[in-house]
Amino acid sequence: MKWLAAASLAGLLVLVPLFAGDFYINLASQILIAAIFATSLNLLVGYGGMTSLGHASYLGVAAYISALLTSRYGFGHGAASIIALSGTTGMAACFGVIALRATGLGFLMITLALSQVLWGLAYRMSDVTNGDNGIAGLTRPMPFGVSLNSPAAFYWFALIVAGVAFIMMAIFVSSSFGSTLKGVRDQPRRMAALGFNPWMIRWITFIYAGFWGGVSGLLYVYYNRYIHPTSLSTTSSAEALLGVIAGGSGTLGGPAVGAALVLLLKNYASAYIERWNMLLGLIFLFIVLVMPTGIVPGLSKLLRRRSP
C-alpha cells in the first residue's frame, strides 16, 4: 500500500508542469529544494536526536562556492558543483568535530554559533561575497546540453535530484547503520557497552546531513540565480527545523510536508498578512497541541483508527 501511494505521488509530481502555470511550477521547485533541506536536517533531529540551528551553513556555503567559482573564476557548473559539495562536506566534518563535543542544548548552541560566524563573514567579507548586495547575474547549468531556464525544465531537474536524495536518505536510515543511529539516539550508553562508537556514528551522520544540505544549496542558487548572506541566517535554519517538527521528525515524508507548509505560508500568507510569522506560530502551536508527533504521524494514526 505504501509503495502504491509513493508511486501515485511520484506520477503526480512528474505531471505538475503539464497542468500548472509558471507560478505554481516555480513554487513546486522551491518546495522540492526546501524538502531536501528539511529532510537532510531530519537525519540529525529525527534519527540522531541532534537538534541543530546551524544547518543553513551548508546550504549557504555550497551556494556561495558555486556562485563564486562560476561567476568570477570561469569554472563550469560541473566542476564548481563537485568543489562546492566537497568543500561543504569537509566543512561539515570539521564542524562535527567541534559540535559533537556536546549534546542536547550545548550541541544546539554550538551549531548556532558556528552558523552565526559564517553569516557574519558573509556580510563583512564584502570583497569576496559582495556583502549585503549579494552575488547576482548567475546562470543555471545545462546538464547534457539541456537548458534549465524554463520553469518546467528546472522543475524536472529538481525533481530528479530530489528523488535521488530521498532514496539515498531512505536507504541510509533503513540500513543497519541507520538502526545503530536510532540506538545511539535512544540508548547511547547501552550502545557503547555493546561495542559501538556513539561519537563516530553521530559524526558520520553529521557529515552525511551536511552533504545533502549542500545539494539543496546548489539547487537553491541555481533556482534564484542569486545568493545573499540571509541564506546563512538563523531564520533559514529555524524555518527548516520548524518544518521538520511540524511535519513529523523521525519520518521520511514528514519534513517534506512541513517544509511545504512553511514555504506556502511564506508565499501566500505574507502577501495578505503583514505579520505572517505570527500566523505560522499559531499553526505550529495548533499542530503541537492536536498532533504532538507531527502532521504525517498524526494523520497516519488517525487513518489507522478509522480503518476497519
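## Stop 1: the salt bridges

Start by selecting Arg185 and Asp186: their side chains meet in a salt bridge, 3.0 Å from N to O. That term stands for a side-chain nitrogen of Lys or Arg within 4 Å of a carboxyl oxygen of Asp or Glu. Before you go on, note that this is a predicted model, where local features need pLDDT of at least 70 and side-chain atom pairs count only at pLDDT 80 or more, while totals for chains, interfaces and linings use all residues. Residues are numbered from 1 along each chain as its sequence is written, and side-chain values use heavy atoms, with hydrogens and water left out.

Colour the pair by accessibility and you'll find Arg185 partly exposed at 31%, and Asp186 partly exposed too, at 47%. (Buried is under 20% relative accessible area, exposed is over 50%, and partly exposed is in between, using a 1.4 Å probe and protein chains only.)

How many salt bridges does the structure hold? Two. For the other, pick Lys266 and Glu239, whose side chains meet at 3.2 Å, N to O. Lys266 sits in helix 13 and Glu239 in helix 12, so this pair ties together parts that are 27 residues apart in sequence. Helices here are DSSP runs (H or I, at least four residues), numbered from the N terminus. Lys266 is partly exposed, with 30% relative accessibility.

## Stop 2: a pocket around that pair

A pocket is found on a 1 Å grid over the protein atoms alone, as an open set of points with protein on both sides within 12 Å along at least five of seven lines; a cavity is a set where a 1.4 Å probe fits but cannot get out, and lining residues have an atom within 4 Å of a point.

## Stop 3: the largest cavity

Which residues line the largest cavity? Select Ser52, Gly54, His55, Ser57, Tyr58, Phe95, Thr111, Leu114, Ser115 and Phe206. Helix 6 (105–124) and helix 4 (56–71) each supply at least two lining residues, with helix 6 giving the most, three.

## Stop 4: a nonpolar patch

Now show the surface and select Leu9, Leu12, Val14, Leu15, Leu18, Phe19 and Trp156, a nonpolar patch with about 700 Å² of accessible area together. Helix 1 (2–14) and helix 2 (16–19) each give two or more of its residues, and the largest share, three, comes from helix 1. For such a patch, nonpolar side chains (Val, Leu, Ile, Met, Phe, Trp, Tyr) with over 30% relative accessible area and no salt bridge are joined within 5 Å. Zoom in on Leu12 in helix 1: Leu12 is partly exposed, at 47%.

## Stop 5: two positive phi angles

Finish in the loops. Phe144, between helix 7 (126–129) and helix 8 (151–174), has a phi near 55°, a positive value in a residue other than glycine. Phe144 is exposed, at 88% relative accessibility. Then jump to Arg225, in the loop between helix 11 and helix 12, where phi is also positive and near 55°. Arg225 is partly exposed, at 31%.

Definitions and conventions
Patch = residues over 30% accessible without salt bridge, like charges linked within 9 Å, V, L, I, M, F, W, Y side chains within 5 Å. Areas by Shrake-Rupley, 256 points an atom, 1.4 Å probe, with all protein chains shown as cover.
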